[in-house]
Amino acid sequence: MASVHESLYFNPMMTNGVVHANVFGIKDWVTPYKIAVLVLLNEMGRTGEGAVSLLERRRLNQLLLPLLQGPDITLSKLYKLIEESCPQLANSVQIRIKLMAEGELKDMEQFFDDLSDSFSGTEPEVHKTSVVGLFLRHMILAYSKLSFSQVFKLYTALQQYFQNGEKKTVEDADMELTSREEGERKMEKEELDVSIREEEVSCSGPLSQKQAEFFLSQQASLLKNDETKALTPASLQKELNNLLKFNPDFAEAHYLSYLNNLRVQDVFSSTHSLLHYFDRLILTGAESKSNGEEGYGRSLRYAALNLAALHCRFGHYQQAELALQEAIRIAQESNDHVCLQHCLSWLYVLGQKRSDSYVLLEHSVKKAVHFGLPYLASLGIQSLVQQRAFAGKTANKLMDALKDSDLLHWKHSLSELIDISIAQKTAIWRLYGRSTMALQQAQMLLSMNSLESVNAGVQQNNTESFAVALCHLAELHAEQGCFAAASEVLKHLKERFPPNSQHAQLWMLCDQKIQFDRAMNDGKYHLADSLVTGITALNSIEGVYRKAVVLQAQNQMSEAHKLLQKLLIHCQKIRNTEMVISVLLSVAELYWRSSSPTIALPVLLQALALSKEYRLQYLASETVLNLAFAQLILGIPEQALSLLHMAIEPILADGAVLDKGRAMFLVAKCQVASAASYDPLKKAEALEAAIENLNEAKNYFAKVDCKEQIRDVVYFQARLYHTLGKTQERNRCAMLFRQLYQELPSHGVPLINHL
């Protein structure tokens with residue numbers, strides 16, 4: 001459940017038309033930068049149609065809006081932007097500003113007098129109600145209200161602005177000349193450019209009301225849709241502090257500060273900013289003036305609701321429950337059904353581990369539909385589908401529910417929820433062991449996100465659903481042995497979601513897991529053990545499980561068994577069925593590696609029952625493989641072979657390459673064991689078929705560079721070739737086995753019995 005406080009984003013805090021601040025009492029004022037923009041507009045009007053090409057005019061029109069709405073920038077930066085769009089006009093603007101700054105005060109006076117001519121005539125250059133027309137009228141009005149001393153100060157500021165711009169232009173020219181002579185200084189110039197850009201923003205002085213609102217809305221949009229294009233957390237906080245220094249009661253700046261602190265997981269600062277936001281909203285009277293006493297209560301209940309969401313995000317569930325109870329109490333007193341619906345959704349989030357939580361969720365969805373809240377209703381359906389998936393419901397019912405949810409999304413144009421729905425389908429198909437379907441859904445999401453952009457060229461592909469889909473893609477490629485492709489996906493993830501972004505933990509865990517699996521396949525257990533710490537920091541349950549796997553591979557059976565038993569009890573308590581089954585399979589493997597296959601059978605049957613109950617097809621197939629191996633060890637290979645026919649098809653269709661190799665290796669073992677009672681001719685045919693299966697298994701293991709399994713396969717092949725009397729093939733396999741054994745010796749487990 002994402003942010004539930006959507007209705008209070010960036011409302012103007014006005015009382016009788018004036019914001020409570022010494023700076024924002026004036027809506028707009030004239031600055032040297034705005035005079036430069038006015039010169040640009042004037043030159044555009046004076047330039048004829050033929051002097052500027054259609055493409056250049058289009059570029060200039062696209063440039064105007066950010067220049068009018070954005071904060072003040074240096075003159076050199078303005079020249080550069082105009083030059084990129086129309087070099088000829090940039091030269092005219094530069095000459096005009098130079099004449100004005102190096103002339104007299106009357107030149108600036110005459111310039112503002114001439115601006116009014118833009119609106120005169122039967123076909124004026126600028127319409128009064130257009131964006132440019134409104135800007136011109138605001139500037140003319142603001143200039144006419146200035147006293148003589150203020151006009152003189154403005155002209156002095158214009159001269160200083162021009163001189164600083166000239167200095168910067170000369171410095172840039174010198175630097176370019178130096179960089180041509182000495183290529184080594186290229187990086188230094190880039191670093192200097194970055195520092196100057198940051199200085200431009202921070203030293204631009206107080207923003208007007210419109211500039212501040214534009215800056216806040218732009219940064220909030222970027223934080224939501226494309227965090228990498230927003231200012232860095234430190235830079236954004238510096239700008240917000242600068243804004244609040246001039247206007248401490250600007251509530252929206254406090255809210256953006258709250259969102260910014262959430263990016264870096266700063267619980268203290270985010271709580272501080274959130275409380276300041278609602279304090280300012282209530283104290284300025286913005287809500288109560290417009291809605292009476294109802295507005296005051298509205299701010300209080302949404303303050304409590306957002307505080308509950310914040311505590312829930314940081315895992316402070318007790319504090320979140322207290323804040324939520326307060327929000328419910330105030331909402332009930334005010335009879336605010338919308339706020340109560342948000343509270344009901346968060347009640348489910350806090351109590352979703354309870355067995356009766358689905359009742360709360362179903363009630364929430366019905367009420368959200370009744371009150372016309374499609375966003376909440378859809379989120380409720382998504383949560384319900386997720387819960388039913390963990391409860392073992394059939395995939396067709398879940399997909400039908402998601403189809404109904406998608407209809408709601410398309411009807412109300414909820415693009416963000418469409419992405420979440422597809423990411424959810426990807427996760428469900430992977431949970432059920434259908435990797436092909438999961439791959440298809442993930443690629444569908446990536447294709448959809450690359451089609452259209454949001455405002456100002458912002459691609460809506462930096463959301464959590466996009467990160468989840470890419471992580472699934474990386475893991476699916478790694479499972480099939482395509483490690484280069486997985487590395488490319490992870491590289492893209494790191495660029496899209498830098499380490500300081502809020503969704504970076506997703507790819508960090510994915511990367512650590514892939515590295516761990518590769519280290520285990522390569523027999524580098526010390527490297528895998530070092531990766532466990534990083535995995536545990538991101539996911540404690542996954543980290544403990546991986547630690548037990550490493551201990552088991554290092555033949556430390558008693559330590560691994562203790563760890564697995566503790567993890568099993570914990571996972572059963574929190575109802576993590578998928579991990580429970582994985583732990584049971586590891587415990588069973590530990591038993592038969594300790595030459596106790598009979599003890600492993602009840603554990604495997606328990607795992608199989610859970611897999612069937614929760615419809616986890618892939619884990620069920622893996623469990624059947626282990627059961628077949630246990631039967632092989634117990635001396636009943638015929639039954640093991642019949643069991644394998646049940647499990648091998650899903651594994652070959654949707655399984656990981658490593659599991660495909662294990663399955664084919666086990667088939668070969670069962671074929672050899674079954675052939676012991678055959679007549680010589682039939683036995684030779686069975687052994688030839690087993691060798692073919694071993695070759696296929698070896699190819700699978702080679703894809704993931706699993707040297708331990710390749711070592712066991714070539715050992716087994718050498719034995720079979722020796723039995724068939726094929727000396728040359730036997731010697732080749734024996735030599736390969738010797739090389740692998742020297743590199744990766746066996747830890748006392750009989751090679752012929754290793755799965």
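Predicted model: local features only at pLDDT ≥ 70, side-chain atom pairs only at ≥ 80, totals over all residues.
**Stop 1: the aromatic pairs.** The structure contains nine aromatic pairs. Start by selecting tryptophan 592 and phenylalanine 629. Now colour by helix. Tryptophan 592 belongs to helix α28 (residues 577-593), while phenylalanine 629 belongs to helix α30 (residues 617-633). The two are 37 residues apart, so the pair links distant parts of the chain. Are tryptophan 592 and phenylalanine 629 buried or exposed? Both are buried.

**Stop 2: a ring cluster.** Select Tyr255, Tyr258, Tyr277 and Phe278. Ring pairs join these four residues into a cluster.

**Stop 3: charges over rings.** Move to phenylalanine 483 and show arginine 518. The charged end of arginine 518 lies over the ring of phenylalanine 483, 4.1 Å from the ring centre. Next, select lysine 682 with tyrosine 678. Here the charged end of lysine 682 sits over the ring of tyrosine 678, 4.8 Å from its centre.

**Stop 4: serine 465.** Finish in helix α22 (residues 464-479), where serine 465 is found. Why does serine 465 count as buried? Its relative accessibility is 7%, and the cut-off for buried is under 20%. Show side chains and look for threonine 463. A polar contact of 3.2 Å connects its side chain to that of serine 465. Then display the neighbours of serine 465. Leaving aside residues up to four places away in sequence, serine 465 touches Asp419, Ile420, Ala423 and Leu445.

Notes:
Residues numbered from 1 in each chain as written. Heavy atoms only, no water. Phe/Tyr/Trp six-rings, centres within 6.5 Å; stacked < 30°, edge-to-face > 60°. Helix = DSSP H or I, 4+ residues; strand = E, 2+ residues; numbered from the N terminus. Buried < 20%, exposed > 50% of the residue type's maximum accessible area, 1.4 Å probe, protein only. Lys NZ or Arg CZ within 6 Å of the ring centre and 35° of its normal. Polar contact = N/O pair within 3.5 Å; in protein donor to acceptor, adjacent residues only side chain to side chain. Contact = heavy atoms within 4.5 Å.
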